[in-house]
Amino acid sequence: PISHHNRTPPTTYQHYYMHIPTGIYLSPMVRGSELAMRMLARKHGAILCYSPMLRDRDVIAAHQHWKTLSTEDRLDIWKDVKIDGAGRTNSMNETGYLMLHDTCRDDTCNLVVQLSGSTPNNLHNATTALLEMFTNNNDGTLPVGIDLNLGCPQKCAEDEGFGAFLVERNAEGAVECIASMRLAIVEFCQKNLISSKPMLSAKIRLLDSVEDTIAFARKLRNAGIDYIAIHCRNRVAKHDGAADWEAGAKLVSSLSVGDALPVIVNGGISCYTDAEFVTKQTNCHGVMVATGYLQNHRNYAITTEGECNSAVNVASEYLDYAERYPPPSYLYIQKHFRWIFRSVLQPTDDSRFVPNDYSDWRVKLWSFLVRPYIRTIHQFRLFLALYVKLKGEDTIRQLPPSLLHLVEDVTFGSVKKAGRKRLRA
């Protein structure tokens, strides 16, 4: 099993491993690694969990507004994240919710908050703002770590100059960003007499060569990171193709053994068996999982004996956690459902499947899932009942007993109407 207890690091860097756990890490995912998912992932194998990415400018803006409020008003700010007709939210309000309401004391003890940005000054200020808001929330508990996004390959990162694009365009600037964040952590903890400082890390991708990646990681280490997460694909590959575990092994050998920098590897790890395989092949300190957890969180527990891994059961368990730990908006639940049901409602292994054939109940239900009027936990539970009803009798046994009574009368129309009833109530 992947465990801190059965892997003893070399004595040359053993002190690093005293506070950086080995095992499976839940990757930062926009609208994917919220509190509900983090708590669920911990139940199913994750030992350290990342928040969704927070932009530095939104953290700073939220902090500035938060400071103007009374202690009483701070408790209720951003509890209601508005969504416009195009499905967009105010990013500062959503960030404020994630920092104040989407965490708890049981979460912060192994939570890493990821920031994005491209300027040292803004990231210094955002780090300080983040720490101050956490200090005044959750009984004053701080996250166990703060991470800088240096690996995002998406269009937003290209447009705003952060993530993998910052590394490509201004690698030295990225190093300065890390140094500024380290300084902010040290200054804040000294000022507030905090002895246990949050760790600092960076998440990067493979550069043009293994040697270039090692050289850059060493610069980040010298600037102040405690460990590094490396997605073993380059920026152009994004999430496509196989991860390069040979490169991962070389990085671990050079950085962890040679430079006392623990390495977490990432890329295409779809189950616990994959996690074990990659750990053995690369000798990494830990593995990071993103979309695999979104597709089926139950794949990462050491044992799933007695658990049904059907999409209905996986989605139902997520809903239970989303009800207990409400995400900022229904958009988070919608994203999780689309990952969970994609393989069954948009099958790529069925030659007869036509994605635009709306006479196929799977196409119709897939389209229905993204309708803006499906917003409540109850509606998403009705969606599960509708899925079972349309798929047929063989799936009835997959539905949790608490939802069986919904199947007989559920229709597309009743799911839609249930939202209006709940909103009026």
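**Close-ups of a predicted model**

**View 1. Helix α14 alongside helix α17.** The axes of α14 and helix α17 (residues 377-391) come within 10 Å and cross at roughly 170 degrees. The axes are lines fitted to C-alpha atoms, for helices over the stretch in contact, with angles running from 0 to 180 degrees between N-to-C directions. That crossing makes α14 roughly antiparallel to α17 (angles under 35 degrees count as roughly parallel, over 145 as roughly antiparallel, 65 to 115 as roughly perpendicular and the rest as oblique). Helices here are DSSP runs of H or I with at least four residues, strands are E runs of at least two, and both are numbered from the N terminus. On the α14 side, Val312, Ala315, Ser316, Leu319, Asp320, Ala322 and Glu323 meet Ile377, Phe380, Arg381, Leu384, Tyr387 and Val388 of α17, where contact means heavy atoms within 4.5 Å. By class, this contact of α14 with α17 splits into nine nonpolar, one polar and three charged residues. Ala, Val, Leu, Ile, Met, Phe, Trp, Tyr, Cys and Pro count as nonpolar, Asp, Glu, Lys and Arg as charged, and the others, Gly among them, as polar.

A quick note on the model: it's predicted, so local features need pLDDT of at least 70 and side-chain atom pairs count only at pLDDT 80 or more, while totals for chains, interfaces and linings use all residues. Residues are numbered from 1 along each chain as its sequence is written, and side-chain values use heavy atoms, with hydrogens and water left out.

**View 2. Helix α14 alongside helix α15.** Helix α14 (residues 311-324) and helix α15 (residues 330-345) have axes that come within 10 Å and cross at roughly 170 degrees. So α14 is roughly antiparallel to α15. Ala311, Val312, Val314, Ala315, Tyr318, Leu319 and Ala322 are the α14 residues here, and they meet Tyr332, Ile333, His336, Phe337, Ile340, Phe341 and Val344 in α15. The class tally for the contact of α14 with α15 is 13 nonpolar, one polar and no charged residues.

View 3. Phe337, Phe341, Trp361, Phe380, Phe383 and Tyr387 are linked into a cluster by ring pairs. Rings of Phe, Tyr and Trp (its six-membered ring) pair if their centres lie within 6.5 Å; planes under 30 degrees apart count as stacked, over 60 as edge-to-face and the rest as tilted. The count by this rule is eleven aromatic pairs. As for charges, the charged end of arginine 74 sits over the ring of tryptophan 66, 3.9 Å from its centre. Lysine 364 lies over the face of phenylalanine 412, at 4.5 Å from the ring centre. The rule for both is NZ of Lys or CZ of Arg within 6 Å of the ring centre and within 35 degrees of the ring normal.

View 4. Glutamine 334 is in helix α15, and its 12% relative accessibility makes it buried. Buried means under 20% relative accessible area, exposed over 50%, and partly exposed in between (1.4 Å probe, protein chains only). Leaving out residues up to four places away in sequence, glutamine 334 touches Leu369, Val370, Arg371 and Phe380. Arginine 371 belongs to the loop between α16 (361-369) and α17, and is partly exposed at 32% relative accessible area. Arginine 371 is 45 residues from lysine 416 in sequence, with 9.1 Å from C-alpha to C-alpha.

**View 5. Two residues in strand β6.** Leucine 200 sits in strand β6 (residues 199-206) and is buried, with a relative accessible area of 0%. Residues touching leucine 200, not counting those up to four places away in sequence, include Ile146, Ile178, Met181 and Tyr227. Glycine 224 is 24 residues away from leucine 200 in sequence and 7.1 Å away in space, C-alpha to C-alpha. Arginine 205 lies in strand β6 too, and is buried at a relative accessible area of 4%. Setting aside neighbours within four places in sequence, arginine 205 is in contact with residues including Leu150, Thr213, His231 and Lys238.

View 6. Arginine 31, in the loop between β1 (23-26) and α1 (35-43), has a positive phi near 55 degrees despite not being glycine. Its relative accessible area is 22%, which means partly exposed. Tryptophan 78 has phi near 65 degrees, also positive in a residue other than glycine. It's found in the loop between α3 (71-74) and α4 (91-100), and counts as buried at 6% relative accessibility.
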